[in-house]
Amino acid sequence: MTKTRIACAVVGVLSLVAAALLAWWITPSYVARTPSGKNIERTYDGTFQSLLDPQALAAGNLLGAVKQNVPMTVAQDVKVEKTSGNKALISDSRTTSAAGAKVEQTKWQYAVDRKSLEAVSSHPSSWTDLIPAQGLTVSWPFGAQKKNYEGWTPETQKVAPLTYLRSEKKQGITTYVYQAKVAPTKIADPQILATLPKELPVDLLKLLGTAGALPAAQAAQLAQILPELPNPVPLAYSFQDDSTFWVDPHTGLVIDVQRAQQRVAEIALPNGTTVPLIPAVAVTYQDSAASSKAAADDARHGRTVISWLGVYLPIILLALGVVLLALAGLLRGRRRSATPTSAPVAGPGPGAGPAVPPTQE
């Protein structure tokens, strides 16, 4: 009985300790964070309302230079390349295609906190070719909140506000909806700039203005400033974005996204200012149906793991610990009740009683 009581007490205490560790240390610190080797693939479908063909433009083929209403796709691969403690090296690779032909390929690498997904400046020195980002990079944090965040915009290499809007069902999951708005900002990413014309001959710009390729107001402004410009004319580019994200708050995974973006070619004036010329890219796109479903499935799996290890299993262990400690107390009480409290007292019996004094004669 004593061994059983001790075993119940020991296992009960261990169960309570395990419940506390799982709920308040192991799950938040080691489960609800980006795992090593994680690889997430997403696809997006949309339309290029306007797409500038640099080769056709350089050849003076204005009719073929600006393509409109071209179907497009984006294949994105977000991969955890390395981890070190609470930090991860994450790559974000994207391939954009227009009507099946690849038009752009980019890859950005970030050092991030494995739980908050925010960029960090402290990381192993062996992690090289990193973007010195700030704010959220590839996703939202585990346990996302109904608040505003800041997100990194790789095109401009600056942060932009991610504004919380509302809670909404998406793919059967209650998501938090955030909006990102980027006002026209200079494009700074060298990978993107490498795909765009850096300059144009004055004669070609004149042709753009007179051939009806530009709105009337812009054509008039172009005609006015052309005599002051060098030949060839240097170009700059600005980026603007209006995007909405549906995020699973438990895992931080994006279940769906709708984006409207523009990259506008601008004439770089000698005084440092720019004049908008023509959209090099005007595009809208969103998660493909299959990609959105896969994101929802990933979120459900992540929720299940976090819930079981962080909530359900600790509750089970807590209940088990309480029952076992109560049983140990009960067994101890029964043992005490079965143990005599004092030695028995002899009662009258044969030969008992006061001695008879001898008879005196």
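Analyst: A salt bridge is counted where a side-chain nitrogen of Lys or Arg lies within 4 Å of a carboxyl oxygen of Asp or Glu. The model shown here is predicted, and a search of the whole structure finds nine salt bridges.

User: Which residue forms a salt bridge with Arg42, and how far apart are the closest N and O atoms?

Analyst: The partner of Arg42 is Asp298, with 3.3 Å between the closest N and O atoms. This pair links distant parts of the chain, since Arg42 belongs to strand 1 and Asp298 to helix 7 (residues 289-337), 256 residues apart. Arg42 counts as buried because its relative accessibility is 8%, whereas Asp298, at 30%, is partly exposed.

User: Which parts of the chain does the salt bridge of Asp241 and Arg259 link?

Analyst: In that salt bridge the closest N and O atoms are 3.0 Å apart. The pair links distant parts of the chain: Asp241 is in strand 9 (residues 233-247) and Arg259 in strand 10 (residues 254-268), 18 residues apart. Asp241 and Arg259 are both buried. Elsewhere, salt bridges that share partners join Lys293, Asp297 and Arg300 into one network.

User: How is a pair of aromatic rings described?

Analyst: Such a pair is described by the distance of the centres and the angle of the planes. Planes over 60 degrees apart count as edge-to-face. The structure holds six aromatic pairs. One of them is formed by Tyr44 and Tyr285, which are edge-to-face at 5.9 Å centre to centre, with 70° between the planes. The pair links distant parts of the chain, with Tyr44 in strand 1 (residues 39-52) and Tyr285 in strand 11 (residues 274-287), 241 residues apart. Tyr44 and Tyr285 are both buried.

User: Why is the pair of Tyr164 and Tyr176 classed as it is?

Analyst: The ring centres of Tyr164 and Tyr176 are 5.7 Å apart and the planes stand at 85°, so this pair is edge-to-face. Tyr164 is in strand 6 (residues 158-170) and Tyr176 in strand 7 (residues 173-186), so the pair ties together parts that are twelve residues apart in sequence. Tyr176 is buried, with a relative accessible area of 15%. Tyr164 and Tyr176 also belong to a cluster linked by ring pairs, together with Trp140, Tyr149, Tyr178 and Phe245.

User: Where does the charged end of Lys170 sit?

Analyst: The charged end of Lys170 sits over the ring of Trp246, 4.3 Å from the ring centre.

User: Which residues make the nonpolar surface patch?

Analyst: Val13, Val17, Leu21, Trp25, Tyr30 and Leu325 make a nonpolar surface patch of about 530 Å². Helix 1 (residues 2-31) gives the most to this patch, with five residues. Trp25, which lies in helix 1, counts as partly exposed at 43% relative accessibility.

User: What backbone values deserve attention?

Analyst: Most residues other than glycine have a negative phi, and most peptide bonds are trans. Asn69, which is not a glycine, has a positive phi of about 55°; this residue lies in strand 2 (residues 66-84) and is exposed, with a relative accessible area of 58%. Gln171 also has a positive phi, near 55°, and is placed in the loop between strand 6 and strand 7. Finally, a cis peptide bond joins Asn231 and Pro232, with omega about 0°; Pro232 is in the loop between helix 6 (216-225) and strand 9.

Key:
Residues numbered from 1 in each chain as written. Predicted model: local features only at pLDDT ≥ 70, side-chain atom pairs only at ≥ 80, totals over all residues. Heavy atoms only, no water. Phe/Tyr/Trp six-rings, centres within 6.5 Å; stacked < 30°, edge-to-face > 60°. Helix = DSSP H or I, 4+ residues; strand = E, 2+ residues; numbered from the N terminus. Buried < 20%, exposed > 50% of the residue type's maximum accessible area, 1.4 Å probe, protein only. Lys NZ or Arg CZ within 6 Å of the ring centre and 35° of its normal. Patch = residues over 30% accessible without salt bridge, like charges linked within 9 Å, V, L, I, M, F, W, Y side chains within 5 Å. Areas by Shrake-Rupley, 256 points an atom, 1.4 Å probe, with all protein chains shown as cover.
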